[in-house]
Every structure is written in structure tokens, then in C-alpha cells.
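Q: Can we go through this model together? I'd like to start with the annotated segments and then look at some side chains.

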Amino acid sequence: MVATCLHLAGFVCSFIGWIGVVVATATNDWVVTCGYTITTCRKMDELGSKGLWADCVMATGLYHCKPLVDILILPGYVQACRALMIAASVLGLPAIFLLITVLPCIRMGHEPGAAKYRRSQLGGILIILLAMCGVVATIWFPVCAHRETTIMSFGYSLYTGWISSALCLFGGCVIVCCSGDAQTFGENRFYYASGSSSPTHAKSAHV
């Protein structure tokens, strides 16, 4: 029962984390930049927002974005972070599908617990790989962006990526390490005695 609860908790954390990774990948508010000094930018109310797909200008009553479509002139770190976040988003699809098929409420015929255990472990490993891609991208991007321009603050997309990657890492580790063993995975057994001391009266039932 404890292993089942831990597995469900790991799945919920992984699913929420994966959705967050997709949101962080699709949005552009990764870092808030300033082309002048911080004091000047605050007085002029003119800040920039930099993401994986566009550079934006934020001013009073204006929010204009310039898409980053020319791959040949893009900095290497932007392309690498794009690839990592896309890989993380894609890895989540088979991982979540595998984890859904091994949930306690899902039964696929008379499938043995060992087969479900292997799928659970594979899904957990994919979630951990997803998390590592997200962690590397969300740390690498602001570090390299700071070398190009002055960063005033981190954007909500970057915070979303950090939190989501942490949730996926936690959920994947729980699934891989705390889901029990292959022989009893997915099984919920209870034992009872009929009142006789004879061991032949002990029975088991699957719930």
C-alpha cells in the first residue's frame, strides 16, 4: 500500500512537472534584460525580455517581440537550450503514457506484475532524463545571457522551468526507487485466517 501511494505521488509530481516544462519551453519570459544602466531603464520604463524563441521589448502600453528565426546567427547557447527543452517536452510523452498504464486503477488483462514494474522503471528513468534536460537548460541560459547583456531579474518562464524540473526529478526518483519490487508490483494482497490454527485455512485474495 505504501509503495502504491508513493508511486501515485511520483506520477502526480511528474505529470505536473512535465506540463510546467512544456509551458516554460513555449513562453519567452526567461530573463528580464536592460540595454542601459538599471537606473536608466527604470526611469525610461523600457525593459527587455529574452527567451528561447523571441526577444521582446516591454514599455508602457507596448509589448513588442522579435522572433528569433535565423538559426545561423543565433548564439550557440540559445540553440542548445532550445534542443534540451524540446527534448524534455518530447520525452514526457512516452514517459507519462508508460506511467499511466501502470497505475493501480488501470488493468490490462492478466498482465504479470513484473511487466508493469519494468514499464514503471522505464517511465521513471525517462522522467529523470527529462528533468536533467530542464535543469541544464534553465541554468545554462541565464548564465550565458548575462554575458551578453545586463540581467535585471529572472522571468516567470525560468522560474516555471526550475520548479517543473525539480518536480520531475523528485517524481522520477520516487517512481524508480520507491515503487517496490518486480514480484509484488501492482499487487494488493490481504491475508486472513478462518480461526483454525491449521495453515491450510490461510487464504489470499487479490483486490
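A: Start with a definition: helices and strands here are DSSP runs, a helix having at least four residues and a strand at least two. The model itself is predicted.

Q: OK. Which residues does UniProt list as "transmembrane region"?
A: The unreviewed UniProt entry lists residues 83-102, 122-141 and 161-180 under that name.

Q: New topic: rings. How is a pair of aromatic rings described?
A: By two things, the distance of the centres and the angle of the planes.

Q: How many aromatic pairs are there?
A: The count is seven, taking rings of Phe, Tyr and Trp whose centres lie within 6.5 Å.

Q: Take Trp30 and Phe141. Why is that pair edge-to-face?
A: Because the planes are at 65°, and over 60 degrees counts as edge-to-face. The ring centres of Trp30 and Phe141 are 5.1 Å apart.

Q: Where do those two sit in the chain?
A: Trp30 is in the loop between α1 (2-26) and β1 (31-34), while Phe141 is in helix α4 (residues 113-148).

Q: Buried or exposed, Trp30 and Phe141?
A: Trp30 is buried, at 0% relative accessible area. Phe141 is buried too, with a value of 0%. The cut-off for buried is under 20%.

Q: What about Tyr159 and Trp162?
A: Their ring centres are 5.6 Å apart and the planes are at 80°, so this pair is edge-to-face.

Q: Why are they about one helical turn apart?
A: Because Tyr159 and Trp162 are three residues apart in helix α5 (residues 156-177).

Q: And how exposed are they?
A: Tyr159 is partly exposed, at 41% relative accessible area. Trp162 is also partly exposed, at 29%.

Q: Which residues form a ring cluster?
A: Phe11, Phe15 and Trp18 are linked into a cluster by ring pairs.

Q: Last one, the surface. What is in the nonpolar patch?
A: Val12, Phe15, Ile16, Ile19 and Val23, with about 400 Å² of accessible area together.

Q: Where is Ile16, and how exposed is it?
A: Ile16 is in helix α1. Its relative accessible area is 47%, so Ile16 counts as partly exposed.

How values were computed: Residues are numbered from 1 along each chain as its sequence is written. This is a predicted model: local features need pLDDT of at least 70, side-chain atom pairs count only at pLDDT 80 or more; totals for chains, interfaces and linings use all residues. Side-chain values use heavy atoms; hydrogens and water are left out. UniProt positions are given in the numbering used here, feature names are shortened, and annotations may be inferred rather than shown by experiment. Rings of Phe, Tyr and Trp (its six-membered ring) pair if their centres lie within 6.5 Å; planes under 30 degrees apart count as stacked, over 60 as edge-to-face and the rest as tilted. Buried means under 20% relative accessible area, exposed over 50%, partly exposed in between (1.4 Å probe, protein chains only). Patches are made of residues with over 30% relative accessible area and no salt bridge: like charges are joined within 9 Å, nonpolar side chains (Val, Leu, Ile, Met, Phe, Trp, Tyr) within 5 Å. Accessible areas come from the Shrake-Rupley method with a 1.4 Å probe; for residues, only the protein chains shown count as cover. A salt bridge is a side-chain nitrogen of Lys or Arg within 4 Å of a carboxyl oxygen of Asp or Glu.
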